[in-house]
Amino acid sequence: MAKTYNNLYEKICSFENLLLAAKKAQKGKRFRENTAWFNFNLEKELLKLQEELINQTYQLGKYKQFIVYESKKRLISAAPYRDRVVHHALCNVIEPIFEKTFIYDSYANRKSKGTHRAILRFTEFCRKNKFVLKCDIEDYFNSIDRKILFNIIAEKIKDEKVLWLVRKIIDSSPGNCGLPIGNLTSQFFANLYLNDYDHFIKETLNCKYYVRYVDDFVIWGDDKRELDQIKEKINRYLFTNLNIKPHPKKTQVFPITQGTTFLGFRIFPTHRLLRKSNFFYFRHRLLKLRKLYHQKRISIEKITQSVRSWVAHVSWGDTWGLRTKLFREISF
């Protein structure tokens with residue numbers, strides 16, 4: 001029988017945990033008005049939050065929604081700062097419990113994992129196989145069945161008060177399906193939602209070469225027919241057990257020599273190319289930053305930080321010439 005956990009709520013509500021959560025929640029947002037106000041009255045705000053949680057009178061605030069255009073159009077829902085503190089407080093306690101159950105080759109939102117390790121593992125597996133089955137879930141965050149998600153959590157967590165808090169956060173946006181993109185908890189829950197599926201791939205289908213990053217997952221092999229059969233099996237599993245389905249146009253089997261799109265790159269056994277959409281998105285952003293700089297609305301330090309972050313990521317591909325051309329074209 002799988003191990004279950006109780007008596008966790010007191011840990012979530014402890015002042016020490018809430019203080020740690022506040023420190024995590026403010027990273028990169030310390031000088032925003034709502035964050036600064038909360039921190040100015042930190043002890044008072046945390047004690048108030050603690051009292052609301054203990055008495056189960058805590059209510060979530062309204063999301064601030066906005067659209068971002070990166071690889072595709074996304075609606076981002078930003079929770080109020082005090083709610084983000086609660087998200088961190090919850091994850092501080094329950095995330096380590098589920099972390100123990102994750103497979104090695106699940107890379108999103110995990111310590112010592114991340115995009116770059118996923119890219120390296122991806123390249124390694126490309127060099128050992130002839131074909132790849134590339135999949136992602138159609139409209140993943142909006143398709144997550146909240147009832148199924150809650151049941152996954154409740155299989156391990158037996159503390160009713162923790163489940164009360166989980167339910168409030170899961171049901172914080174309208175409808176029966178979907179999680180708001182932008183929450184720390186949504187990132188964690190989205191990873192957890194496919195955890196049993198990961199074990200199905202590894203232990204039932206015995207797929208040796210498999211990598212997942214959120215809803216973007218890949219299986220390698222030397223037999224195209226076998227990968228086509230696996231594709232049908234995972235389609236059935238995902239629909240039957242999780243009420244989701246792979247994107248019909250983005251779930252295909254093809255030779256690895258064609259290159260496979262993954263985490264912003266097109267990856268080949270011998271090299272990695274930056275996706276055109278990634279390049280043109282950043283070029284557009286750089287032009288916008290230059291305009292803001294000339295209007296004296298942004299500092300050169302902020303621009304440098306943004307550029308360094310992008311360069312650090314794209315340097316994992318063969319992009320030296322592309323970067324050189326871009327920075328010659330757009331200067332400040």
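Biologist: Is the crossing of α13 and α15 left-handed or right-handed?

Modeller: The crossing of α13 and α15 is right-handed. A crossing counts as right-handed if the near helix is turned clockwise from the far one, and as left-handed if the near helix is turned anticlockwise by less than a right angle. Before going on: this is a predicted model, where local features need pLDDT of at least 70, side-chain atom pairs count only at pLDDT 80 or more, and totals for chains, interfaces and linings use all residues. Residues are numbered from 1 along each chain as its sequence is written, and side-chain values use heavy atoms, with hydrogens and water left out.

Biologist: Which residues are in α13 and α15, and at what angle do their axes cross?

Modeller: Helix α13 covers residues 276-294 and helix α15 covers residues 320-329; their axes come within 11 Å and cross at roughly 25°. That makes α13 roughly parallel to α15. Helices are DSSP runs (H or I, at least four residues), strands are E runs of at least two, and both are numbered from the N terminus. Axes are lines fitted to C-alpha atoms, for helices over the stretch in contact, with angles from 0 to 180 degrees between N-to-C directions. Under 35 degrees counts as roughly parallel, over 145 as roughly antiparallel, 65 to 115 as roughly perpendicular, and the rest as oblique.

Biologist: Which residues make the contact of α13 with α15?

Modeller: From α13 there are Phe 279, Phe 282, Arg 283, Leu 286 and Arg 290, and from α15 Leu 322, Leu 326, Phe 327 and Glu 329. Contact means heavy atoms within 4.5 Å. By class, the contact has six nonpolar, no polar and three charged residues. Ala, Val, Leu, Ile, Met, Phe, Trp, Tyr, Cys and Pro count as nonpolar, Asp, Glu, Lys and Arg as charged, and the others, Gly among them, as polar.

Biologist: Next pair. How do α11 and α12 run, roughly parallel or roughly antiparallel?

Modeller: α11 and α12 are roughly antiparallel. The axes of α11 (residues 195-204) and α12 (residues 224-242) come within 11 Å and cross at roughly 150°, and the crossing is right-handed. Asp 196, Tyr 197, Phe 200 and Ile 201 of α11 meet Lys 233, Ile 234, Tyr 237, Leu 238 and Leu 242 of α12. That contact has seven nonpolar, no polar and two charged residues.

Biologist: What about Asp 198, buried or exposed?

Modeller: Asp 198 lies in α11 and counts as buried, at 0% relative accessibility. Buried means under 20% relative accessible area, exposed over 50%, and partly exposed in between (1.4 Å probe, protein chains only). Not counting residues up to four places away in sequence, Asp 198 touches Ile 103, Ser 106, Tyr 210 and Arg 212.

Biologist: Now cysteines. How many disulfides are there?

Modeller: Zero, where a disulfide is a pair of cysteine sulfur atoms within 2.5 Å. Cys 13 is in no disulfide, and its nearest cysteine sulfur, that of Cys 91, is 14 Å away. Cys 13 is buried at 4% relative accessibility, while Cys 177 is partly exposed at 35%.

Biologist: Where is Cys 207 found?

Modeller: Cys 207 is in the loop between α11 and β4 (210-213), and counts as buried at 6% relative accessibility. Setting aside neighbours within four places in sequence, Cys 207 is in contact with Ile 201, Lys 202, Ile 219 and Ile 230. Cys 207 and Ile 230 are 23 residues apart in sequence and 9.1 Å apart in space, C-alpha to C-alpha.

Biologist: Backbone next. What is the phi of Gln 56?

Modeller: Near 55°, a positive value in a residue other than glycine. Most residues other than glycine have a negative phi. Gln 56 sits in the loop between α4 (42-55) and β1 (64-69) and is partly exposed at 31% relative accessibility.

Biologist: And Asp 139, what is its phi?

Modeller: About 50°, also positive, although Asp 139 is not a glycine. Asp 139 lies in the loop between β3 (131-136) and α7, and is partly exposed with a relative accessible area of 47%.
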